[in-house]
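Here are some questions and answers for a reader who is new to this structure. Each answer sets a value against the cut-off it needs.

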Amino acid sequence: LSLSPPLLPLCITVTSELIFSSRVAAGLCKARPTDLVFIIDSSRSVRPSEFEQVKVFLAKVIEGLNVGPSATRVGVVNYASRVKNEVSLKTHRTKAGLIKAVTKIEPLSTGTMTGLAIQFAMNVAFSEAEGARAKSSDVGKVAIIVTDGRPQDNVKDIAQRARDAGIEIFAIGVGRVDMNTLRQMASDPLDDHVDYVESYSVIEKLTKKFQEAFCDLVSDLCATGDHDCEQVCISTPGSYKCACREGFTLMDNGRSCSACSNSATDVVFLIDGSKSVRPENFELVKKWINQIIDKLDVSESKAHVGLVQYSSTVKPEFPLGRYNNKKDLKEAVKKMAYLERGTMTGQALRYLVENSFSLGQGARPGVTKVGIVFTDGRSQDYIGEAAKKAKENGFKMYAVGVGNAVEDELKEIASEPTGEHYFYTADFKAMSQIAKKLQINVCDEDPCECDSLVKFQKKVEAALQALTKKHILYDSMSKRIALLENKIV
């Protein structure tokens, strides 16, 4: 599930920037085959929080690439006074693996030997031993250098040798960087290969430029799988549209499909806001909640949504029924402030059982109740009794864990069948995949077969089979009696 709907072609004159933005939003770009190496400065002038922003930038550029053995391969070189090959071109062949590796990179926090880093990239990172492909006109060699200072060694000559070896160099400078050094490193034309931002806090604004640099237009998105349709994708010129299988209804977002859409549901999110989540990941959790809200049929008579955050305490953010449209719901989720502190999941589950689905908190009698519990770590209190009580009360419980979450605890929270009601990923950035898999349908896959109807149908079929057997037995006995009567006569 994507947060942005596919865009239809525009029949008006627009700028090249707007055209590209629409392509990215619609998923119309795939990166051309490239060996790409990021060379990132982590000298002592780069504060830890700024280095985190560099990693976010790298992750966002990677998200726009077509990563794979025959497509784009990505490496990362980290440097200060020394150079460290953090990610080899041969190591990770998927976006998820790459992004997870990027999040684990730590700053070196010494000097600024940029020339040494370029030399290392040319001799090691771009070598076939580290996964680079043999020199070919079909595969590009690209280095993106990010630095905020003046190098303590010479960069001009080594950068020229790298360019002569066929490596295209982009130089990004931050803050008090030496602009002349950037121009000495970058490929021609300099206007396309040199960028400057005032601070690391705005480096993300360069993401689009580098997505565009690796963008080729995709002709058939349904065939390549680059679409957001939940069930059926239909190709159209330059784009696509979504549809649903028979018996399902396409929802307002144009991508999701709903079964038994006339049924009402009360959904409560129980969200871990403990300090281990970290502020940047908490923002990803809020986006994940809104991805799931996008899949619900929110209205006065259908899906109602409540939100509870917990850490060492429990904080109800808003009750069921307060917001009856997706726009207001999503805005309320975005405004949720991060609590931090501990992880009292058991206490939070007890609150859910005793309060969240009560009439006083907006719950509707006779309506299916769904609880979605998110956590990133082991609970500091006992969860068993409250988890059991939630399921005994008839609540349909989903458990979602990230990072250090304990899978046994997730399974204890989740409804049966457990495999369909608990999800785990090691990386917060992979949560969008869980949002796509998590299906909050009151009915089974066939919308005409709700549980009670299925059970009734099975009972009827069993009764008919029994009657048929009795009829066959009666018919056989009747024939034998007739034969005996004929013999007596």
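Q: How many disulfides does a search of the whole structure find?
A: The search finds one disulfide. The model is a predicted one.

Q: What makes C229 and C242 a disulfide?
A: The S to S distance of C229 and C242 is 2.0 Å. A disulfide needs cysteine sulfur atoms within 2.5 Å, so C229 and C242 are joined by one.

Q: Which parts does the pair tie together?
A: C229 is in the loop between α9 (221-224) and β9 (232-236), and C242 belongs to strand β10 (residues 239-243), so the pair links parts 13 residues apart in sequence.

Q: Why is the disulfide of C229 and C242 called left-handed?
A: Because the torsion about its S-S bond is about -80°.

Q: Why does C229 count as buried?
A: Buried means under 20% relative accessible area. C229 has 9% relative accessibility, so C229 is buried. C242 is also buried, at a relative accessible area of 9%.

Q: Which residues of helix α11 (residues 326-334) are buried?
A: They are K326, L329, K330, A332 and V333.

Q: How do you know that the buried residues of α11 line one face of the helix?
A: Seen down the axis of α11, they fall within an arc of 160°, so they line one face. On the other side of α11, K327 and K334 are exposed.

Q: What do the buried residues of α11 pack against?
A: They pack against α10 (279-295), β14 (303-310) and β15 (314-318).

Key:
Residues are numbered from 1 along each chain as its sequence is written. This is a predicted model: local features need pLDDT of at least 70, side-chain atom pairs count only at pLDDT 80 or more; totals for chains, interfaces and linings use all residues. Side-chain values use heavy atoms; hydrogens and water are left out. Helices (H or I, at least four residues) and strands (E, at least two) are DSSP runs, numbered from the N terminus. Buried means under 20% relative accessible area, exposed over 50%, partly exposed in between (1.4 Å probe, protein chains only). The arc is that of the directions from the helix axis to the C-beta atoms. Contact means heavy atoms within 4.5 Å.
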